[in-house]
Amino acid sequence: MLHPIRWLIGLVVLVVLAAGGVAAWYVFGGSTPAKPRLSTSATTVAGGPASVDGTWRVAPGGNVYVAYRMTEVFAGDVVHKTAVGKTPAVSGTLTIAGNKVTAVRVSADLRQLTSDQSRRDNYIHANGIESDRFPTARFTLTRPITLSEPLRKGAIQKATATGSLTLHGVTRTVQVPLEARWNGPTVEVDASGIPVLLADYEIDPPDTGIVKVDDHGSFELALTFAPA
């Protein structure tokens, strides 16, 4: 007959091994997508309006998304992994006049955030950003963006947008470093490294007991606009 103490030790070992296996798969499985960045080798496309001036609307597509980028911590702050979740459900408009971007409004449905781990995606519906309670993130430009020159076809321009970000029901002013390029039929806009301190948006950093999340992270986006 198996001694109770030995049985208990064996059970503990099995639990630890099982948890370790799950944690290892969670940490080392999947991959981390690169940050969005406009390709310097892209060429212009025939067609589109004769001028970039006017209002442009987000055109859905495989390369259109809003994303979060956070650091997850395992094993008592020993192992760190970057987690990225994207939602393709983005809408919005962009208005350009000469060398100024005069208006930007972008909304993203956070209920459609997906990453390389379904456990993570399911967890944030009711925890962290609580996407079931606060389904929409919004950015609204509050100050016109002045470009160094009007957008030229094929040329990348860098700028910083000042606006309000609404997340988890809280609105804060943010600075968004971005790249933009007019390709003819479309205007592409990429941005990364938009800092987010979770406490500023009344978000409790997720902590499942196996993994916890840093109290800060960033948002990023890749958008394609077509004439409205």
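This is a predicted model: local features need pLDDT of at least 70, side-chain atom pairs count only at pLDDT 80 or more; totals for chains, interfaces and linings use all residues.

How do β10 and β11 pair, parallel or antiparallel, and over how many bridges? I looked it up: they pair in the antiparallel sense, over nine bridges. Pairing here requires that DSSP finds at least two bridges between two strands. Strands are DSSP runs of E with at least two residues, helices are runs of H or I with at least four, and both are numbered from the N terminus.

Residues are numbered from 1 along each chain as its sequence is written, and side-chain values use heavy atoms, with hydrogens and water left out.

**Entry: partners of β11.** I checked what else β11 pairs with. Strand β2 (residues 65-74) runs antiparallel to β11 over nine bridges, and R69 has S218 in β11 as its bridge partner. Strand β1 (residues 54-58) is antiparallel to β11 too, over three bridges. I then looked up F225 in β11: V58 stands opposite F225, and V187 also stands opposite F225.

**Entry: the second largest pocket.** I found a volume of about 180 Å³ for it. A pocket is an open set of points on a 1 Å grid over the protein atoms alone, where a 1.4 Å probe fits, with protein on both sides within 12 Å along at least five of seven lines; lining residues have an atom within 4 Å of a point. The volume is the space filled by probe spheres set on the points, which are joined across faces, edges and corners.

Which residues line the second largest pocket? I noted R37, L38, S39, N63, Y65, R181, E188, D190, A222, L223 and T224. Two elements give two or more residues to this lining, β10 (187-197) and β11 (211-227). The largest share, three residues, comes from β11. By type, I get four nonpolar, three polar and four charged residues. Nonpolar covers Ala, Val, Leu, Ile, Met, Phe, Trp, Tyr, Cys and Pro, charged covers Asp, Glu, Lys and Arg, and the others, Gly among them, are polar.

**Entry: the whole chain.** I zoomed out last. The chain has two helices and 11 strands, in the order α-β-β-β-β-β-α-β-β-β-β-β-β from the N terminus. Of its 228 residues, 42% are buried, meaning under 20% relative accessible area with a 1.4 Å probe, protein chains only.

Definitions and conventions: Buried means under 20% relative accessible area, exposed over 50%, partly exposed in between (1.4 Å probe, protein chains only).
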